[in-house]
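Please look over the sequence and the structure shown below before reading the report that follows.

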Amino acid sequence: MYDLLLRQCRLLQTDRTIVEADIAVEKGVVAAIAPNIQASAKITLDIQRQLVSPPFVESHIHLDSALTVGQPRWNQSGTLFEGIEIWRERKQNLSLEDVKLRAIETLKLQATQGVLFVRSHADVSETSLTALQALLEVREAVKHWITLQVVAFPQDGIYGNPINEILMEKALDMGADVVGGIPHYELTREDGVKSVHRIFELAQKYDRLIDIHCDEIDDEQSRFLEVVAACAIRSDMGAKVTASHTTAFGSYNNAYAFKLLGFLQRTAVNFIANPLINITLQGRTDTYPKRRGVTRVKELWQQGMNVSFGHDCIQDPWYSLGTGNMLDVASMGLHVCQMTGTAEIDACYDMVTWNGAKTLHLADDQYGVEIGKPANFMVLDAIDRYDAIRRRATVRYVISRGKLLARTESPQTNWYDPT
Ligand code: FE2
């Protein structure tokens with residue numbers, strides 16, 4: 001007898017084809033995938049030919065600031081920099097309990113909508129390292145139902161304050177999974193370049209991944225991505241490196257951008273765009289035409305680079321909205337990046353699933369619905385990837401570690417014919 005049996009699934013497979021089959025789960029792993037499995041199970045779900053997909057991956061979120069919107073005040077200008085100022089005030093009042101409660105509430109919000117892998121940044125610019133400690137405790141507390149990676153993120157720059165470099169290293173000693181950075185917010189261009197080199201040194205010393213907030217500004221002269229590319233080429237660490245945001249890439253002239261694309265192709269650097277946030281944060285100093293403020297997602301994808309989409313923020317000083325729904329993120333990315341071709345729409349779905357898993361550097365045997373792999377997947381009220389994004393399909397069931405974690409009913413509409 002299986003633990004769980006899902007009847008009549010439309011399974012989105014790793015090669016992106018769809019097969020109709022039953023899926024059996026036992027002891028936390030996918031035990032069988034076949035039509036009409038002749039066995040019983042402790043729990044049987046009739047999936048009625050809905051889509052079964054690997055779970056969503058939230059590759060970029062700030063859980064330490066999530067759900068703080070309006071505290072102590074609203075971001076009236078809507079700019080990145082007013083957001084940083086508000087967060088500087090709010091983080092004076094952080095406590096372990098405060099961060100943990102909000103982080104777990106946000107993770108539950110996402111998990112009920114199919115997110116089972118998350119990379120969160122933790123601000124390590126304040127001396128108590130409360131945000132980091134809290135998220136490390138959350139990582140442990142939730143590991144039975146969601147996988148959390150924590151980035152040591154120096155919000156105020158590694159060299160913005162003499163103690164920040166020490167705090168970065170302390171954060172890695174405490175167990176942060178990923179080395180973060182923010183070179184465009186260092187005091188000088190030289191400090192920014194130095195910070196990227198330091199990030200790579202720390203990652204090699206502690207054997208950690210890298211995820212840098214890189215060039216999140218409309219300034220076409222913000223060119224730290226080339227420094228990241230150079231360090232990735234020289235260190236051969238590309239697959240472990242992520243460049244987040246890179247919004248300035250959208251403002252570079254084509255001559256420079258095409259040269260840079262060539263350098264990037266010599267690396268396996270991952271990119272994360274956060275379309276919900278950057279379509280609202282960027283372009284604020286423009287009159288018209290106003291820039292979209294999102295990196296060159298389509299071109300990076302066309303060149304074979306790994307690109308994923310993240311939320312970045314849910315109800316915090318930088319973004320007052322957000323529901324935790326990755327299909328909102330994919331839909332916004334699709335629109336802003338003008339990825340409306342059929343292959344492009346499917347690619348946007350991949351950017352919140354498989355591509356995110358690659359960015360998080362998950363082992364091959366950890367992601368995807370295949371026999372022998374951990375049973376982490378979701379059932380969407382949709383027939384395929386396009387349908388899922390177009391209708392922001394309800395995630396009907398979430399299966400985590402082989403157990404039913406969440407169930408949501410699809411909305412039902414009754415039509416009362418006026419004639
Ligand atoms: Fe961010």
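## Helix H3

How far apart should the ends of helix H3 (residues 130-141) be, at 1.5 Å a residue? This model is predicted, and in it the end C-alpha atoms of H3 are 16 Å apart, which agrees with the 16 Å that its twelve residues should span.

The buried residues of this helix are Thr130, Ala131, Leu132, Ala134, Leu135, Leu136 and Val138.

## The iron site

The iron ion is coordinated at 2.2 to 2.8 Å by the NE2 atoms of His60, His62, His213 and His245, together with an OD atom of Asp312. Read along the chain, these donors follow the spacing H-x1-H-x150-H-x31-H-x66-D. Because His213 lies in strand S10 (residues 209-214), while Asp312 lies in the loop between strand S13 (306-309) and helix H10 (326-336), the pair ties together parts that are 99 residues apart in sequence.

## The hairpin of S2 and S3

Strand S2 (residues 18-26) pairs with strand S3 (residues 29-34) in the antiparallel sense, and the pairing runs over five bridges. Glu26 stands opposite Val29 in S3. The hairpin has two residues between the strands, and Lys27 takes a positive phi near 50 degrees there.

Definitions and conventions
Residues numbered from 1 in each chain as written. Predicted model: local features only at pLDDT ≥ 70, side-chain atom pairs only at ≥ 80, totals over all residues. Heavy atoms only, no water. Donors = N, O, S within 2.8 Å, 3.2 Å for Na, K, Ca; no water. Helix = DSSP H or I, 4+ residues; strand = E, 2+ residues; numbered from the N terminus. Pairing = 2+ DSSP bridges. Expected span 1.5 Å × (residues − 1). Buried < 20%, exposed > 50% of the residue type's maximum accessible area, 1.4 Å probe, protein only.
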